[in-house]
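I opened the model to look up a few residues, some contacts and the overall layout. My notes follow in the order I made them.

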Amino acid sequence: MQSNELRPLKILHCPELVGGNPYSLAKAERAIGLASWCLALRPHPFGYPADEILSSGGQIATQIARWRLLARALGDYDVIHFNFG
């Protein structure tokens, strides 16, 4: 890609699925042309959707997923929208 070409803003919604809002925001942002992604560390007990779930294991697996998410988020995204309950 040449430096004068525009690319869509890359947005990440993570690490929790508070009320299903992160996925809805990501979906709406994609509809207007942004590269938005909703990612959760683990599935939500109420079954809220996400584009990607990182871990369905125990505490150790979730902590490993959390550190990997940090590295990925800092390297791959322009905007990180943190969602916590």
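**Entry: Val 18**

I started at Val 18, which lies in the loop between strand 1 and helix 1. This is a predicted model, so I read every value below as computed from it. I then took the C-alpha separation from Val 18 to Ile 53 and got 14 Å. Those two residues are 35 residues apart along the chain.

**Entry: layout of the chain**

I listed the elements next. The protein chain has two helices and four strands. Read from the N terminus, I noted the order β-α-β-β-α-β. Along the principal axes, the C-alpha atoms fill a box of roughly 45 × 25 × 15 Å.

I looked up burial for the chain as a whole: of its 85 residues, 26% are buried. The chain exposes about 5600 Å², and I noted that carbon and sulfur atoms supply 58% of that area. For contacts, I kept those between residues at least 6 apart in sequence; 58% of these join residues at least 24 apart.

Where does His 13 lie? I found His 13 in strand 1. His 13 has a relative accessibility of 1%, and I recorded it as buried. Leaving out residues up to four places away in sequence, I listed what His 13 touches: Pro 22, Leu 25, Ala 26, Glu 29, Ser 36, Trp 37, Cys 38, Leu 39, His 81 and Asn 83.

Ser 36 was on that list, and I followed it up. Ser 36 is found in strand 2. Its relative accessible area is 2%, so I recorded Ser 36 as buried, the cut-off being under 20%. With the sequence neighbours up to four places away again left out, Ser 36 touches Ile 11, His 13, Ala 26, Glu 29, Arg 30 and Asp 51.

**Entry: salt bridges**

Arg 30 sits in helix 1 and Asp 51 in the loop between strand 2 and strand 3, so I noted a link between distant parts of the chain, 21 residues apart. Arg 30 is partly exposed, with a relative accessible area of 30%. Asp 51 is partly exposed as well, with a relative accessible area of 23%.

For the next pair I looked at Arg 72 and Glu 52, whose side chains form a salt bridge at 2.8 Å, N to O. Arg 72 lies in helix 2 and Glu 52 in strand 3, so this pair ties together parts 20 residues apart in sequence. I read a relative accessible area of 26% for Arg 72, which is partly exposed. Glu 52, at 21% relative accessibility, also counts as partly exposed.

The last pair I wrote up is Glu 16 and Arg 42, with a salt bridge at 3.6 Å, N to O. Glu 16 belongs to the loop between strand 1 and helix 1, and Arg 42 to the loop between strand 2 and strand 3, so the pair ties together parts 26 residues apart in sequence. Glu 16 has a relative accessible area of 22% and is partly exposed. Arg 42 is partly exposed at 36% relative accessibility.

I also checked the charges over the whole chain. The mean positions of the 8 positive and 7 negative charges are 6 Å apart.

**Entry: nonpolar core**

Which residues make up the largest nonpolar core? I found eight: Leu 12, Cys 14, Leu 39, Leu 41, Ala 65, Leu 69, Ala 73 and Tyr 77. Strand 1 (10-15) and helix 2 (59-76) are the elements that give two or more residues to this core. The largest share, three residues, comes from helix 2. As background, I noted that nonpolar side chains tend to be buried together in soluble globular proteins.

Leu 41 touches Pro 15, Ile 53, Leu 54, Ser 55, Thr 62, Ala 65, Arg 66 and Leu 69.

Definitions and conventions:
Residues numbered from 1 in each chain as written. Predicted model: local features only at pLDDT ≥ 70, side-chain atom pairs only at ≥ 80, totals over all residues. Heavy atoms only, no water. Core = buried A, V, L, I, M, F, W, Y, C linked by side-chain atoms within 4.5 Å. Buried < 20%, exposed > 50% of the residue type's maximum accessible area, 1.4 Å probe, protein only. Contact = heavy atoms within 4.5 Å. Areas by Shrake-Rupley, 256 points an atom, 1.4 Å probe, with all protein chains shown as cover. Lys, Arg positive; Asp, Glu negative; His and termini not counted. Charge placed at Lys NZ, Arg CZ, Asp CG, Glu CD. Salt bridge = Lys/Arg side-chain N within 4 Å of Asp/Glu carboxyl O.
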